[in-house]
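Subject: A structure for you to look at

Hi there,

Here is the structure I promised to send over. Please open it and have a look around before you read my notes.

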Amino acid sequence: MTDRKHVLRARTAVVTGAARGLGAVAGRLADRGTSVALIGLEEESLARLTRELPTESYHWHVDVTHEEG
């Protein structure tokens with residue numbers, strides 16, 4: 001059986017809307033060793049969350065409803 005806690009180690013997850021409620025998902029992923037790419041509208045909140053995560057993580061200000069963006 002695979003150790004479920006480490007299945008996500010050395011992988012990268014993209015979390016949209018991470019500046020709000022989904023930030024908790026980003027934290028849980030990072031706790032399991034996943035690098036996290038955060039995208040959303042609130043750049044300051046994304047930056048703060050990026051600094052708080054225990055894994056290599058980055059953030060981008062993106063509006064997923066804007067097709068050209």
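Predicted model: local features only at pLDDT ≥ 70, side-chain atom pairs only at ≥ 80, totals over all residues.

**The strands**

Let's begin with β2 (35-40). Of its 6 residues, 6 are buried. Ser 35, Ala 37 and Ile 39 point one way from this strand, while Val 36, Leu 38 and Gly 40 point the other way. Both sets are buried.

Which strands pair with β2? One partner is β1, which runs parallel to β2 and is linked to it by 5 bridges. Within this pairing, Val 14 has Ala 37 as its bridge partner. The other partner I can point you to is strand β3 (residues 57-61), also parallel to β2 and also joined to it by 5 bridges. Here Ala 37 turns up again, this time opposite Tyr 58.

Helix α1 covers residues 23-31. Its buried residues are Gly 23, Ala 26, Gly 27, Leu 29 and Ala 30. Why do these belong to the same side of α1? Because they span an arc of only 165° around the axis.

What lies over the buried residues of α1? The cover includes β1 (12-16), β2 and α2. On the other side of α1 you will find Arg 28 and Asp 31, which are exposed. Arg 28 has a relative accessible area of 58%, and it counts as exposed because that is over 50%.

After α1 comes Gly 33, which has a positive phi near 95°.

**The nonpolar core**

The largest nonpolar core is made of 11 residues: Ala 13, Val 15, Ala 18, Ala 26, Leu 29, Ala 30, Val 36, Leu 38, Leu 46, Leu 49 and Leu 53. Two or more residues of this core come from each of β1, α1, β2 and α2. Which element gives the largest share? That is α1, with 3 residues. In soluble globular proteins, nonpolar side chains tend to be buried together.

Leaving out residues up to four places away in sequence, Ala 26 touches Val 15, Val 36, Leu 38, Leu 49 and Leu 53. Ala 13 has 16% relative accessibility, so it counts as buried. Apart from neighbours within four places in sequence, its contacts are Leu 29, Thr 34, Ser 35, Val 36 and Ala 37. Ala 13 and Ser 35 are 22 residues apart in sequence, yet their C-alpha atoms are 6.4 Å apart in space.

**A residue in α2**

Thr 50 sits in helix α2 (residues 43-52). Is Thr 50 buried or exposed? With a relative accessibility of 13%, Thr 50 counts as buried. Not counting residues up to four places away in sequence, Thr 50 touches Leu 38, Ser 57, Tyr 58 and His 59.

**An aromatic pair**

The structure has 1 aromatic pair. The pair is Tyr 58 and Trp 60, with ring centres 6.3 Å apart and planes at 35°, so it is a tilted one. Tyr 58 is partly exposed at 44% relative accessible area, and Trp 60 is partly exposed too, at 46%.

**One last residue**

Finally, have a look at Ala 10, in the segment before β1. Ala 10 is not a glycine, although its phi is positive, about 70°. For background, most residues other than glycine have a negative phi. Ala 10 is also exposed, with a relative accessible area of 74%.

Enjoy exploring, and write back with any questions!

Best wishes

How values were computed. Residues numbered from 1 in each chain as written. Heavy atoms only, no water. Helix = DSSP H or I, 4+ residues; strand = E, 2+ residues; numbered from the N terminus. Buried < 20%, exposed > 50% of the residue type's maximum accessible area, 1.4 Å probe, protein only. Contact = heavy atoms within 4.5 Å. Arc of directions from axis to C-beta. Pairing = 2+ DSSP bridges. Phe/Tyr/Trp six-rings, centres within 6.5 Å; stacked < 30°, edge-to-face > 60°. Core = buried A, V, L, I, M, F, W, Y, C linked by side-chain atoms within 4.5 Å.
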